[in-house]
Amino acid sequence: MSSPVPAQHQTFLAFDFGLKRTGVASGNRLLGTATPLRTIRAEGSEARMREVQARVREWQPDALVVGVPFHPDGASHENTARARKFARQLRAQLGLVVYEVDERYSTTEARASGAADADAGAACVILEQFLRSIP
């Protein structure tokens with residue numbers, strides 16, 4: 001996260017980006033917790049963006065959070081670039097602030113906690129990590 005989160009940003013949608021499945025979670029600053037939402041199962045950026053836009057209309061978040069994956073040593077890889085491109089598309093098409101969060105091990109953590117949907121669970125992990133990082 002590069003800049004402080006303004007106090008008016010209270011509600012968030014988070015995304016665990018994937019080419020075939022994108023996990024989604026909602027949460028708010030007050031409770032500091034996230035709730036898994038139905039995973040987006042859409043291949044192709046247009047189909048994925050239609051689903052994202054529907055979620056944003058439904059939940060009306062103040063800002064968005066996108067998990068950006070890295071290798072364990074912090075190095076970027078192919079999916080790092082894809083997740084960042086997704087975040088740029090969200091900013092451009094939705095006009096909302098998008099925060100990027102290092103999401104290393106989020107899926108592993110979601111599975112270890114027994115998440116019924118690992119993608120939505122990973123989005124929860126990403127969002128709760130983000131919420132813990134803001135005052």
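**Exercise 1. Which residues of α2 are buried?**

*Solution.* The structure is a predicted model, in which local features need pLDDT of at least 70 and side-chain atom pairs count only at pLDDT 80 or more, while totals for chains, interfaces and linings use all residues. Residues are numbered from 1 along each chain as its sequence is written, and side-chain values use heavy atoms, with hydrogens and water left out.

Step 1. Buried means under 20% relative accessible area, exposed over 50%, and partly exposed in between, with a 1.4 Å probe and protein chains only. Helices (H or I, at least four residues) and strands (E, at least two) are DSSP runs, numbered from the N terminus.

Step 2. The buried residues of α2 are Thr80, Ala83, Phe86, Ala87 and Leu90. They lie on the same side of α2, because they cover an arc of only 125° around the axis; the arc is that of the directions from the helix axis to the C-beta atoms.

Step 3. Exposed residues Glu78 and Ala92 sit on the face of α2 turned away from the buried side. The cover over the buried residues includes β1, β2, α1, β4 and β5.

Step 4. The end C-alpha atoms of α2 are 24 Å apart, which agrees with the 24 Å that its 17 residues should span at 1.5 Å a residue. The expected span is 1.5 Å times one less than the number of residues. Just after α2, Gly95 has a positive phi of about 70°.

**Exercise 2. Identify the residues that touch the most other members of the largest nonpolar core.**

*Solution.* Step 1. A nonpolar core is a set of buried Ala, Val, Leu, Ile, Met, Phe, Trp, Tyr and Cys residues joined through side-chain atoms within 4.5 Å.

Step 1. The largest such core has 19 residues, and those touching the most other members are Leu13, Phe15, Val52, Leu64, Phe86 and Leu90. Two or more residues each come from β1 (11–16), β3 (33–41), α1 (45–59), β4 (63–68) and α2 (78–94). The largest share, four residues, is that of α2.

Step 2. Contact means heavy atoms within 4.5 Å. Leaving aside neighbours within four places in sequence, the contacts of Phe15 include Val52, Leu64, Phe86, Leu90 and Ile126.

**Exercise 3. Determine how many residues of α4 are buried.**

*Solution.* Step 1. Helix α4 covers residues 118–133 and reaches 22 Å from its first C-alpha to its last, close to the 22 Å expected.

Step 1. Twelve of the 16 residues of α4 are buried, including Cys124, Ile126 and Phe130. Among the elements that cover them are β2 (21–28), β5 (97–102) and α3 (106–112).

**Exercise 4. Describe the order of elements and the overall dimensions of the chain.**

*Solution.* Step 1. The chain has four helices and five strands, arranged from the N terminus as β-β-β-α-β-α-β-α-α.

Step 1. The radius of gyration is 13 Å, close to the 14 Å of the globule rule for 135 residues, so the chain is as compact as a globular protein of that length. This radius is taken over C-alpha atoms, and the rule is 2.2 Å times the number of residues to the power 0.38.

Step 2. Along the principal axes, the C-alpha atoms fill a box of roughly 35 × 30 × 30 Å.
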